[in-house]
Amino acid sequence: MTYTYTTPAKALHWLMAILIGGLLGLGFYMADLPLSAPKIQLFSWHKWAGVSVFALVWLRLFWRMVHRPPAYPASMTALQRAAAHGGHFALYLLMLAIPLSGWLMSSAKGVQTVWFGVLPLPDLLSRDKALGHQLEDLHSALAVGLMVLVAVHMAAAWYHYRVLQDDILQRMLPAKAVH
Amino acid sequence: MKTKYVLALAVGISMAFGVHAANYQSVQADKSSISFRYKQMGVAMDGKFSKFQSTLQFDTAKPEAARASIEIDLASVDTGSAEGDDEVIGKSWFHTAAFPKALFVLKQFKPTGPDSYEAIGTLSIKGHARELKFPVKYSAQGAKGQLSASFNLARADFAIGEGVWSKFDVIGNEVQVNFQITVLSGK
């Protein structure tokens, strides 16, 4: 029985960790900038990266379906398992909902999303200023929620490593570390 | 047989050109629109101007004698975003404080086919004037007429978007301008 994640699962986890970290930082930084040429560029890059994450989440979910994650260590209580499940479910949900809300927000604001300036995504909503603002608020509220959840996720990994001293953290590391 | 066809053709031509001759003398502003399309990071964006004044003389029987001028209130621009509207009236773009209006004056109008014409005129924006040549489509709609035209201009020709905006990587140089003008026979 293997207790570690598959290499593609690890690669997707860390690639998305980097992308999402960057997207959150860039998103909150660029939102309040005065209009300028770089601002428009940053928005485009944010949207391109966001669509990439959206696509990667689906790839990751598919991989997770055909390669089930390793089982939890027997030492974990039912409550800890439920908390872990719920947390991961919420993470996936937000990783889908945030880019989707961004895509809808762009449509409502009348700025189509064209992935890397090449692949146009259909505008799911027609231009509507008020709706655009509401979706912007939703997009940033969900992003705050994701930051909180990621913080909990990291704290939990640390708790497993230092306090419970199981291999939950190590099994997601590039090479399974030796105790 | 042959004469029948010739007759039918003659009737057809006269219907296309002559029968519905109309003499238009004004523009119905609230049924007319001036819009534009530009590219931002490769993404097509739509905008429009909501305020403009115009004069017009257009007799379909004497199209060459047509006269028209359109004066656009540049501050009435809608770029699709509120901060874009604030930006584009500023110094680097239209600089509406010094150049509040864009002016198009028709110089030549000639028929190129049934209900289609070629317009030549001068467009002046921000102290720069350029001659434009573009096709115009006409259609009669009851007592009213509809003129539609579309042409591309290079924003750099009019110094629209200077300084940090003068490169075309973020906002493209080419801007498509679309006119939909409803014309009336009365003043």
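Helix H3 of chain A, residues 78-108, contains 31 residues and extends 44 Å from its first C-alpha to its last, close to the 45 Å expected at 1.5 Å a residue. The expected span is 1.5 Å times one less than the number of residues in the helix. Helices (H or I, at least four residues) and strands (E, at least two) are DSSP runs, numbered from the N terminus. The model is predicted: local features need pLDDT of at least 70, side-chain atom pairs count only at pLDDT 80 or more, and totals for chains, interfaces and linings use all residues. Residues are numbered from 1 along each chain as its sequence is written, while chains are lettered from A and ligands numbered from 1 in the order in which they are written.

The buried residues of H3(A) are A:Leu94, A:Met95, A:Ile98, A:Pro99, A:Ser101, A:Gly102, A:Trp103, A:Leu104, A:Met105, A:Ser106, A:Ser107 and A:Ala108. A residue is buried if 20 or more other C-beta atoms lie within 10 Å of its own, exposed if 12 or fewer, and partly exposed in between, with C-beta atoms placed from the backbone. The cover over the buried residues of H3(A) includes H2 and helix H4 (129-164) of chain A. A:Ala90, also in helix H3 of chain A, counts as partly exposed because it has 16 C-beta neighbours inside 10 Å. A:Ala90 and A:Leu149 are 59 residues apart in sequence, yet their C-alpha atoms are 8.1 Å apart in space. Just after H3(A), A:Gly110 adopts a positive phi of about 80°.

Helix H4 of chain A holds A:Met147. A:Met147 counts as partly exposed because it has 15 C-beta neighbours inside 10 Å. From C-alpha to C-alpha, A:Met147 and A:Ile20 are 9.6 Å apart, although 127 residues separate them in sequence.

Helix H2 of chain A, residues 37-66, has 30 residues and reaches 44 Å from its first C-alpha to its last, close to the 44 Å expected at 1.5 Å a residue. Its buried residues are A:Ile40, A:Ser44, A:Lys47, A:Gly50, A:Val53, A:Val57 and A:Arg60. They are covered by elements including helix H1 (7-31) and H3 of chain A, together with strand E3 (33-40) of chain B.

Two packed helices are described by the angle between their axes and the distance between the axes. The axes of H2(A) and H3(A) come within 9 Å and cross at roughly 145°. Such axes are lines fitted to C-alpha atoms, for helices over the stretch in contact, and angles run from 0 to 180 degrees between N-to-C directions. In this contact, A:Lys47, A:Gly50, A:Val51, A:Val53, A:Phe54, A:Val57 and A:Leu61 of H2(A) meet A:Tyr92, A:Met95, A:Leu96, A:Pro99, A:Gly102 and A:Ser106 of H3(A). Two residues are in contact if their C-beta atoms, placed from the backbone, lie within 7 Å. The residues of this helix contact divide into nine nonpolar, three polar and one charged. Here Ala, Val, Leu, Ile, Met, Phe, Trp, Tyr, Cys and Pro count as nonpolar, Asp, Glu, Lys and Arg as charged, and the others, Gly among them, as polar.

The contact between the chains takes twelve residues from chain A and 13 residues from chain B. Helix H2 of chain A gives the most to the side of chain A that touches chain B, with four residues. That side of chain A comprises five nonpolar residues, six polar and one charged.

Chain B contains two helices and twelve strands. Of its 187 residues, 20% are buried. Among contacts in chain B between residues at least 6 apart in sequence, 56% join residues at least 24 apart.

The largest nonpolar core has 28 residues, of which B:Ile72 and B:Val183 touch the most other members. A nonpolar core is a set of buried Ala, Val, Leu, Ile, Met, Phe, Trp, Tyr and Cys residues joined through C-beta atoms within 7 Å. The largest share of this core, four residues, comes from E9(B). A second, separate core of nine residues includes A:Leu94, A:Met95, A:Ile98 and A:Ala143.

B:Ser139 belongs to strand E10 of chain B and is exposed, with 10 other C-beta atoms within 10 Å. Leaving aside neighbours within four places in sequence, B:Ser139 is in contact with B:Asp115 and B:Gln146.
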